[in-house]
Amino acid sequence: MNKIHLVIYSILLISSSAFSKDIECANSPDGKPVIKNQLLICDLRTSSNDKSLLRRSFGLVQAVEISSDIRLKVNPQELHTILGEDKISLPKHPVFANLIMKNINGKGQVLHTSMMVNPVLTKTGEEICDLKFIDFQPNISNFQSPDLPSWILKGIEKTLNNNQSLHNKVLKIANQAAAKLRVKCEQQRLQF
């Protein structure tokens, strides 16, 4: 096993749980998903550059940046279909991650990675007014990086698919979106 590959693999595993406390949608002032023209929109952006990341990565990783632009139809027909299912499979979409590595000169060097995500959410509730999400599986595939061999990429993919911290953070975002739908539902009920 090449020592450089082992170090990079360790760094990616460490960084997979080092994201900021709140994953935010960059397209809204409050960081929550926006529903506009029957489309849920979240330009997902998160990063971590705390000192513990540098320490845990043996002084090599300065920051991790994650981005993905999520678009999900929430028109009445789509919602009716969603509400009829216990598990909701969201459209497959790309996610990009950059690891900013500290090199010998102290300057940042970027390790680019990308992956496809086909998330599945498990829900409770039969109506929009009582919709809650209780489980999340990212179903990450096609993890790629021009700088890493395939055996490392497969290990990272497996680790990310089983990362409990990532699971909890995405579940929180999904429930924030569901809360917005519930508020709209309650407002409509009060109008009648």
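**Salt bridges, pair by pair**

Mentor: The salt bridge rule, a side-chain nitrogen of Lys or Arg within 4 Å of a carboxyl oxygen of Asp or Glu, gives a count of 3 salt bridges here. This is a predicted model, where local features need pLDDT of at least 70, side-chain atom pairs count only at pLDDT 80 or more, and totals for chains, interfaces and linings use all residues. Residues are numbered from 1 along each chain as its sequence is written, and side-chain values use heavy atoms, leaving out hydrogens and water.

Trainee: Why is the contact of Arg71 and Asp43 called a salt bridge?

Mentor: Their N to O distance is 2.8 Å, which is within 4 Å, so the pair meets the rule. Arg71 lies in strand E4 (residues 61-73) and Asp43 in strand E3 (residues 39-48), so parts 28 residues apart in sequence are tied together. Strands here are DSSP runs of at least two residues and helices (H or I) of at least four, numbered from the N terminus.

Trainee: What makes Asp43 count as buried?

Mentor: Buried means under 20% relative accessible area, exposed over 50%, and partly exposed in between (1.4 Å probe, protein chains only). Asp43 has 15%, so Asp43 is buried. Arg71, at 38%, is partly exposed.

Trainee: How do you know that Glu157 and Lys154 form a salt bridge?

Mentor: The N to O distance is 3.8 Å, so this pair also falls within 4 Å. Glu157 and Lys154 are 3 residues apart in helix H4 (residues 150-161), separated by about one helical turn.
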